[in-house]
Structures are given as structure tokens and as C-alpha cells.
Amino acid sequence: MDGSISVVTNPSVNVRLTTTISSFEVKRRFDRGISIAELKGKLEMVVGAPASSMDLELFSTSDKLLQTLDDDNALLGSYPVDDDCRIHVIDRSGGQLGEFTDVTKVEKFVLSDEAYEKRSESARSFMKKQSFGRYNEEERAKKKADNIAREEEQEAAADAISVGSRCQVRVPGQPTKLGTVMYVGTTDFKPGHWVGVKYDEPLGKNDGSCEGKRYFECEKNYGVFVKPLNVTVGDFPEEDYGLDEM
């Protein structure tokens with residue numbers, strides 16, 4: 001042992017990178033043994049600025065300017081660069097902040113519907129050839145016929161329901177509820193025929209009004225509108241929940 005002290009320096013360093021043409025900060029690891037010219041070549045792929053037009057500034061971990069990296073032949077490790085220091089790239093080629101991130105400056109490609117219709121390899125052309133979705137005329141016609149038949153059933157069911165009748169409401173996925181029919185007919189909020197019901201319990205969604213228009217009167221959360229086929233009229237007496245008992 002000769003009592004000498006040796007200092008071991010990490011051969012690589014982690015630095016933060018910023019640039020005049022972007023507001024983003026990225027982190028990269030570089031070998032301390034590369035020259036500043038080689039560093040600029042690597043930075044060109046990171047920040048998008050040409051190496052020949054770069055000026056580099058070295059900042060401390062607390063973002064205090066230390067010095068410029070202006071000697072292309074000097075090694076990166078010859079400068080006081082430590083982990084988490086920041087190297088700021090100044091682009092002298094004329095690039096502006098946000099040039100590569102501001103999409104509003106990108107010229108948009110606009111294709112008219114007429115021109116798109118003429119393309120033989122477009123998604124629309126493929127769907128037409130395969131008769132998918134709205135391009136399947138047979139399926140569209142069947143769906144339209146089914147909707148008309150279903151609405152005719154709803155209308156016939158509505159004609160058999162009278163205001164004031166006791167009813168049972170069965171909606172798929174929901175528990176059966178009892179109530180009184182308060183309204184039968186069409187509405188402004190949705191097409192078709194609807195039945196307005198006042199439930200015996202506060203299990204509804206409104207007070208007899210919907211989207212600003214009143215169809216019947218009831219307390220809040222006792223009213224609901226359901227399709228006629230979900231309503232069964234009959235002898236459904238209001239259940240006694242024993243609320244008046246001690």
C-alpha cells in the first residue's frame with residue numbers, strides 16, 4: 001500500500017436534453033469518451049437538428065449555465081458533466097419551437113367524397129363488395145321491416161292500455177315493479193308509443209316530465225316511461241309494506 005488515492009469515474013453519463021425546437025425534455029446516456037462532434041451526430045437523431053448547425057450549452061443539475069461545448073475535438077468527459085446535468089441544443093438552421101410538434105402547420109390531405117367513391121381499394125369499396133353493414137341492402141330492408149313490425153306491436157299493446165289501470169312493469173335486466181298507468185301515447189323525447197307509469201315505490205327516473213315537458217303528475221323518482229310491451233295491465237293491488245305499523 002503506498003497510501004495513494006485513486007478516483008474512479010463512470011465511463012458513461014446520464015444527461016437531460018433540451019432544444020430550441022421542442023418543449024420536451026428527454027434523458028440519454030452517453031460515453032464520456034466520445035468527442036463533441038460525435039455527440040452532435042448522436043443528438044441529431046434525438047432532437048432533429050442538423051449536427052453542423054448545433055451549438056451546445058452545458059447546465060448543472062440545478063440548471064445553472066456552466067459553459068458552452070464549443071470544441072468539436074474535445075471529449076465529452078473533459079467537460080464538467082455529471083449525471084442529471086442538462087445539455088441544451090441550440091439549432092442555428094432556422095428551426096422554430098414546436099416546428100415538429102405543432103400539427104396545425106401540417107398541410108392536410110383532403111379527399112372529396114366523390115373522389116373517394118371512385119377508389120377501388122378503399123374501405124368503402126371493400127364493404128360494398130362484401131355487402132357489409134349499411135351496404136347490405138337485404139339486411140337493411142329486413143331490419144327496417146322488423147322495426148316496423150315491432151312498432152306495430154307496440155302500438156297495438158298501447159291501444160289495450162288505459163290510463164288509471166293498475167299494472168306490472170317488466171323490463172329485461174330489472175326487477176318487476178308495480179304501479180299505475182298515468183299516460184299512454186307518443187312523446188317528444190323519443191319516437192314511437194310510450195306508457196307513463198307512477199310506481200308504488202320511488203324506483204322511477206322522473207316526476208312525470210321528461211326533457212322539459214310534463215306528461216303526468218307524480219312525486220320525484222316515482223315516474224317512468226316504458227314501452228307498451230313491457231307493461232301488463234291487471235289486478236295488481238298496491239302492496240302493504242307495513243309502514244304504518246309500530
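How many residues has helix α4, and how far does the helix reach from its first C-alpha to its last? Helix α4 spans residues 137-159, has 23 residues and reaches 33 Å. That is close to the 33 Å expected at 1.5 Å a residue. The model is predicted. Its aromatic rings come next: the structure holds six aromatic pairs.

**Aromatic pairs and cluster**
- One of the pairs joins Phe 189 and Tyr 215.
- Phe 189 and Tyr 215 are both buried.
- Both belong to one aromatic cluster, formed by Tyr 183, Phe 189, Trp 194, Tyr 215, Phe 216 and Phe 225.

**Charges over rings**
- Lys 227 places its charged end over the ring of Trp 194, 4.4 Å from the ring's centre. Trp 194 is also a member of the aromatic cluster.
- Arg 86 lies over the face of Phe 59. The distance to the ring centre is 4.1 Å.

**Helix α4 and its packing**
- Buried residues in α4 are Gln 154, Ala 157 and Ala 158.
- The buried residues of α4 pack against β7 and β8.

Terms used: Residues are numbered from 1 along each chain as its sequence is written. This is a predicted model: local features need pLDDT of at least 70, side-chain atom pairs count only at pLDDT 80 or more; totals for chains, interfaces and linings use all residues. Side-chain values use heavy atoms; hydrogens and water are left out. Rings of Phe, Tyr and Trp (its six-membered ring) pair if their centres lie within 6.5 Å; planes under 30 degrees apart count as stacked, over 60 as edge-to-face and the rest as tilted. Buried means under 20% relative accessible area, exposed over 50%, partly exposed in between (1.4 Å probe, protein chains only). A charge sits over a ring if NZ of Lys or CZ of Arg is within 6 Å of the ring centre and within 35 degrees of the ring normal. Helices (H or I, at least four residues) and strands (E, at least two) are DSSP runs, numbered from the N terminus. The expected span of a helix is 1.5 Å times one less than its number of residues. Contact means heavy atoms within 4.5 Å.
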